[in-house]
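Below is a briefing on the pairing of strands and the packing of helices. Please keep the sequence and the model at hand while reading.

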Amino acid sequence: MADSTYPIPGSVEAPHRWSQAAVLEWLNSWVITVDHKKLGILYMLYAVFFLLVGGAEAIAIRIQLLYPHMHFMSPQVFNRIFTMHGNTMVFLFGMTYIFGFANYLVPLMVGARDMAFPRLNAFSFWLTFFGGLLLYYSFIGGGGLYGAGNAPDVMWWAYAPLTERAFSPGHAPDYWALSLIVTGFGTIGASINVIATAFCMRCKGMTLMRLPVFVWVNATASGLALITITPLTAAQVMLLIDRYLGGHFFDTQAGGSAMIWAHFFWIFGHPEVYVLVLPAFAIANEVIPVFSRKAIFGYPAVVAASVGIAFVSLGVWAHHMFTIGMTSVGNAFFVLSTMLVGIPTSIKIFNWLGTMWGGKIRFATPMLFCTAFVVQFLLAGLTGIMLSVAPWNWQLHNSYFVIAHFHYVLVGAIAFCVFAGIYYWYPKVTGRMLSEKLGKWHFWLFFIGFHVTFDVMHIPGLLGMPRSIYTYEADRGWTGWNQIVSIGGLIQGIAVLIFAVNLIWSYFKGKEAGNDPWDAWTLEWATPSPPPAYNFATDPVVTSRRPLWDIKHPDDPDWKYE
Amino acid sequence: MLAKWLKCVFLSAKNWCLLLALFIWHTAFAEGPQSTPSIYAPASTPAQSIYDLSLFVLTITGAIFVTVGGVLAFVVFRFRQRGEDDTTEPAQIYGSTQVELAWTVIPILIVVVLFLTTARMIFAIQDAPQPKSALDVTVVGHQFWWEFNYPKYGIHAVNELHVPLSDPQSPTPTYLKLLSADVIHSFWVPQLAGKTDLLPNNVNDMWIDPHHTGMYVGQCAQFCGVQHAKMLLRVYVDTPQQFEAWVKNQQQKAVEDESVATGRHVFETQSCMNCHTIQGTAATGRFGPDLTHLMSRDTLASGAMANNKDNLREWIRHPDTFKEGSLMPAMQLNDQQLDQVTAYLATLK
């Protein structure tokens, strides 16, 4: 292995460890911090916490569906739990992990000392933080129709007019709209910051064509978030006007339109999927080359495909609405635009394969997760093609097939990449390696549990089982499938607990990581682990896409081939 | 390393076998007759067309999966690191324009084929002209039940849709006009057609032409509130003779039976009639289902339970027993009133 001590000349010393500071002062430092690394860690802790909460909700859902007419929860509670599961995973886990990684890594990767707007950065995090708290306060706050809290029970897409006061007289839609408006503003602030940092804080020599793919893809996702959060916030404000100021935007009893809400929601909702999944691609784009020991195959194509996905994704929203009664021409248009997404995504998959081809692949835990991710994302894409076929969608829409499809994206692609990213960068953040042994257990259990759950989950959908039902009839032939799915969910739950144990155990007992444990190539590995405040004492200068490769291989530097 | 891999593969295979055994056990020991609304048991043209299209799409996507998945499996096996001590770096390849072009063009061609096939099917199903022989039914979705109006016959059926068999030689399809009285619902009977949503303030339509008689189950497919799960749906495909007989019965006014006059009195004085209609009586409420021919239906509360006297009595006494959160209130009737009103309703054939 190459010598791994290649600090950029002039890096400052590692700071004193946290244990040496007084506890209160230490806590205070986390609250008032404007340091991008600390905020990144806060975002990640927040995301992992809500991943566990959302996971617990998923387990509750699976227990309820073990048997027909099971009464583990009342229908009212079940509806709140599955709505909160969706909202938690999308808004409190999904929308925060992306800024966790981006906050910590984008400045390091572009050779900057902090994000472009450190105070905005802190403000954005705390907005998101309190928005999430407000959403969960709904479980205990307010009297509500059933006297059991006011947690949203209108699905994560909150279709009107079910959210209007005539049909939701409690405060459930209010908590939903208000808390997501707050986290939405947090997202907008964080997105502006990522874009500004990626494009304006680059160190000397870091041209746009030398920007790590991770940074490119995160900037793209942030740009997309800026565009898509806006219609959601607008729609939520309109909903609140309907509910409290006598507006009639979506109030069908006074001539409002239910379909307009669906358009508003999905023009947010579909690009949102790409806001969540692009940063997962970003992680894979770093992990796969390093563990294949090869430069990313076709850098310009990978970047172009990522930006292309973002553009095309803005024109596909109504494929969530094939059954809502659009004209045949309208349906055909959205079939075509949706299928077009398949082209840049397949380019990405092929480029990952091209990167691995001819390499010497090291299957450490991050690479195991990324390899599984490639297969699963391929399958998710293919079921996505099936769903884009509008007539077939008329059958599959709102069935368990759709649930299986998007969990293939959200778990099979995003969660797998998040785990890969955490195993990969945890040494940089804490200075210690995560246990490989626990990591392998985590991976294999999660992999098996994932496939038991989500491969099988397609089947009840094909057998006519709709989503968001709290129970089902015994004679439908769905029982056995649901039980297998539930068993898989339990296996995943155990795997995630192993992961949580690994995070804590390794923090105290893990192997010392050193600066560059994976023999990687981007600038963050040139700093000590954990990196000091302000990262670099002097501005680094780069001459290629892989600055550390150039240092490690002066006889065969990258810049000769760019 | 390889041994470790094989062990893991073996372990997961063992796991799968166990699960398979579990599943077989379940199917083998499942009790009662099954009526699975599988989209792979189509009984009507739209469902059949979708079935055929889905096989075509499955073939293409399956081929893509085998090809790309195969390449990945090969790469993982062939290019894995052999031996921990082999730390020399492989040859660095930065990309290839020809290869990029090739794997851009192939997906484009696949998309063109898939899109044209799909578009054709959209127009064939969605824009199929309505023949003169078609039956019109207006479907109205309510929070947690279905209303079926036959304008030609003046019938108001509930939860159980009866349609005539459609002989391909002389088709008599049923065209459904879809409306909603409150929130968004979705009409889905997988064996007959894909689903279409029912929106308030909006009219949608769809059609079915069932080729086989029998009962087809489905349910609401758009979350519509507390009891979305028990907004079940049945479609009975009758022979023309059966259908005619059913229509004739439904067109009658309610049966008048003096022996249950006390029950009728309870019905008409305890606010039941505020929400329910019984044709030929003073009860003309529109909020709940029409009960004129209640006993001609197989199920109660939109399929929540079988329609028999015991269930009916319990349903009236305490609707939450079967359907917690349904919009029918418990009217606090005493035992005698319950018996009387159940006896009355049981005469409404």
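Strand β1 (residues 135-142) of chain B pairs with β5(B) in the parallel sense over 7 bridges. Two strands count as paired if DSSP finds at least two bridges between them. The model is predicted, and local features need pLDDT of at least 70, side-chain atom pairs count only at pLDDT 80 or more, while totals for chains, interfaces and linings use all residues. Residues are numbered from 1 along each chain as its sequence is written, and chains are lettered from A and ligands numbered from 1 in the order in which they are written. Helices (H or I, at least four residues) and strands (E, at least two) are DSSP runs, numbered from the N terminus.

**The sheet of 5 strands in chain B**

- The order of strands in this open sheet is β3-β2-β1-β5-β8 (chain B), and the pairing is mixed.
- At its edges are β3 (155-158) and β8 (204-208) of chain B, each of which pairs on one side only.
- Direction ignored, neighbouring strands of this sheet are turned by 25° against each other on average; axes here are lines fitted to C-alpha atoms, for helices over the stretch in contact, and angles run from 0 to 180 degrees between N-to-C directions.
- β1(B) and β2(B) run antiparallel and are joined by 5 bridges, and Val140(B) has Glu147(B) in β2(B) as its bridge partner.
- The hairpin of β1(B) and β2(B) has 2 residues between the strands, and Phe144(B) takes a positive phi near 85° there.
- Strand β2 (residues 145-150) of chain B also pairs with β3(B), in the antiparallel sense and over 4 bridges.
- In that pairing, Glu147(B) has Val158(B) in β3(B) as its bridge partner.
- A hairpin is formed by β2(B) and β3(B) with 4 residues between them, and Gly154(B) in the turn has a positive phi of about 65°.
- Strand β5 (residues 174-180) of chain B runs antiparallel to β8(B), with 5 bridges joining the two; Tyr175(B) has Trp207(B) in β8(B) as its bridge partner.

**The sheet of 3 strands in chain B**

- This open sheet has 3 strands in the order β4-β10-β9 (chain B), with mixed pairing.
- β4 (160-164) and β9 (214-219) of chain B stand at the edges with a single partner strand each, so one side of each has no neighbour in the sheet.
- β4(B) pairs in the parallel sense with strand β10 (residues 232-238) of chain B, over 5 bridges.
- Along this pairing, His162(B) has Tyr236(B) as its bridge partner, and Pro164(B) stands opposite Asp238(B).
- 5 of the 5 residues of β4(B) are buried, so this strand is largely enclosed by the rest of the structure.
- A residue is buried if 20 or more other C-beta atoms lie within 10 Å of its own, exposed if 12 or fewer, and partly exposed in between, with C-beta atoms placed from the backbone.
- Glu160(B), His162(B) and Pro164(B) point one way from β4(B), Leu161(B) and Val163(B) point the other way, and all are buried.

**Helices packed together in chain A**

- The axes of helix α2 (residues 36-64) and helix α3 (residues 75-110), both of chain A, come within 7 Å and cross at roughly 155°.
- α2(A) and α3(A) are therefore roughly antiparallel to each other; angles under 35 degrees count as roughly parallel, over 145 as roughly antiparallel, 65 to 115 as roughly perpendicular and the rest as oblique.
- The contact of α2(A) with α3(A) has 23 nonpolar, 9 polar and 2 charged residues; Ala, Val, Leu, Ile, Met, Phe, Trp, Tyr, Cys and Pro count as nonpolar, Asp, Glu, Lys and Arg as charged, and the others, Gly among them, as polar.
- α3(A) also packs with helix α5 (residues 172-200) of chain A at an angle of about 20°, and their axes are 10 Å apart.
- That makes α3(A) roughly parallel to α5(A).

- α5(A) has 29 residues and reaches 42 Å from its first C-alpha to its last, close to the 42 Å expected at 1.5 Å a residue; the expected span is 1.5 Å times one less than the number of residues.
- 22 of the 29 residues of α5(A) are buried, so this helix is largely enclosed by the rest of the structure.
- Helix α9 (residues 328-356) of chain A should span 42 Å, and its end C-alpha atoms are 43 Å apart, which agrees.
- 22 of the 29 residues of α9(A) are buried, so α9(A) is largely enclosed by the rest of the structure.
- Gly358(A), which follows α9(A), has a positive phi near 85°.
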